[in-house]
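I opened this model today to see how the chain is put together. My notes follow in the order I looked things up.

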Amino acid sequence: GLMWLQHGSNLRHTSEQNDGVSRYGWLMHDGENFGVQEIRDEGLLLRTEFVKQPGGDHGGDWSWRVTAKMEGKGPAPLLSLFFYVATDGQGTLRPVLENGTRLAAVAGTAEELGDFTLTFLPPTGEGGEGTKYASYNFLAAGVPGLHRLTDLVRQSLRESSVFSPPGRPRRRFFGVSNAGGLPGESPRGQLLLHQVTLEPPAVLEVTLE
């Protein structure tokens, strides 16, 4: 799944009718192999696209592209995208970390999928030009149920991370920190979350094999 946070605004996870997200919906979807979705939220345009390649014993592979850009003029606020994978009572997830801070991939196993690898590629510029500067945070936690994911992530945010692009001013932002699970609730499953903080526009891709 995907959550997002425009710093200075609220954490978004599900689009509700009354929460200020001005528009969301599928532009194209064939019900099985591909889909394109657009979400507009306070000047932010998020476009998500997936394509699936059938095969193997468990449904095949897929790739997912998220494009983030601002509509209108003015400086872009910092944007955090939270890509996550969670289990609910069955299956196991193992983080594959790069430099101790960037969740490069998740190696997992589940009854329905067998063994799988979910890979988070570094962000690029909108036109496909080189890797874009970003800050990375990582969260691993037990979850009492999928309905509590938003609360768990919200509780783990701390305004102690620093976005420091080369030659530009440093800015503080809310980053996830491994502060344990939700108090008083025993975990049923696992959450691994990859937070990417950057200045739009940017393109991010995720693959599942």
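I started with the largest nonpolar core, which has 28 residues. I looked for the residues with the most contacts inside this core and found L46, L81, F83 and V106. Next I checked which elements give two or more residues to the core: β1 (2-6), β5 (44-53), β6 (61-70), β7 (79-86), β9 (102-110), β10 (114-120), β14 (189-198) and β15. I also found a second, separate core of 16 residues. M3, F82, L152 and V153 are among its members.

This is a predicted model, so I checked confidence before going further. The chain averages a pLDDT of 90, and 95% of the residues score at least 70. Confidence is lowest in strand β2 (residues 11-12), at a mean of 85. It is highest in strand β15 (residues 202-208), at 97.

Back to F83. What is F83 in contact with, leaving aside its neighbours within four places in sequence? I listed G1, L2, W64, V66, F120, L192, L193, H194, L204 and V206.

L27, M28, F34 and V51 make a nonpolar patch of about 350 Å². I placed L27 in strand β3 (residues 23-29). Is L27 buried or partly exposed? Its relative accessible area is 48%, so L27 counts as partly exposed; the cut-off for exposed is over 50%.

I looked up A141 next, in strand β11 (residues 135-143). A141 has a relative accessible area of 12% and is therefore buried, since buried means under 20%. The C-alpha atoms of A141 and P187 are separated by 8.6 Å. Along the chain these two are 46 residues apart.

S160 sits in strand β12 (residues 157-163). Its C-alpha is 6.5 Å from that of F174, 14 residues apart along the chain. With neighbours within four places in sequence left aside, S160 is in contact with R172 and F173.

A cis peptide bond joins P200 and P201, with omega about 5°. P201 is in the loop between β14 and β15.

Which residues have a positive phi without being glycine? I noted E42, at about 50°, and N99, at about 60°. E42 belongs to the loop between β4 (34-41) and β5. N99 lies in the loop between β8 (92-98) and β9. I checked the accessibility of N99 too: with a relative accessible area of 72%, N99 is exposed.

Note on methods
Residues numbered from 1 in each chain as written. Predicted model: local features only at pLDDT ≥ 70, side-chain atom pairs only at ≥ 80, totals over all residues. Heavy atoms only, no water. pLDDT = per-residue confidence, 0-100. Helix = DSSP H or I, 4+ residues; strand = E, 2+ residues; numbered from the N terminus. Contact = heavy atoms within 4.5 Å. Core = buried A, V, L, I, M, F, W, Y, C linked by side-chain atoms within 4.5 Å. Buried < 20%, exposed > 50% of the residue type's maximum accessible area, 1.4 Å probe, protein only. Patch = residues over 30% accessible without salt bridge, like charges linked within 9 Å, V, L, I, M, F, W, Y side chains within 5 Å. Areas by Shrake-Rupley, 256 points an atom, 1.4 Å probe, with all protein chains shown as cover. Salt bridge = Lys/Arg side-chain N within 4 Å of Asp/Glu carboxyl O.
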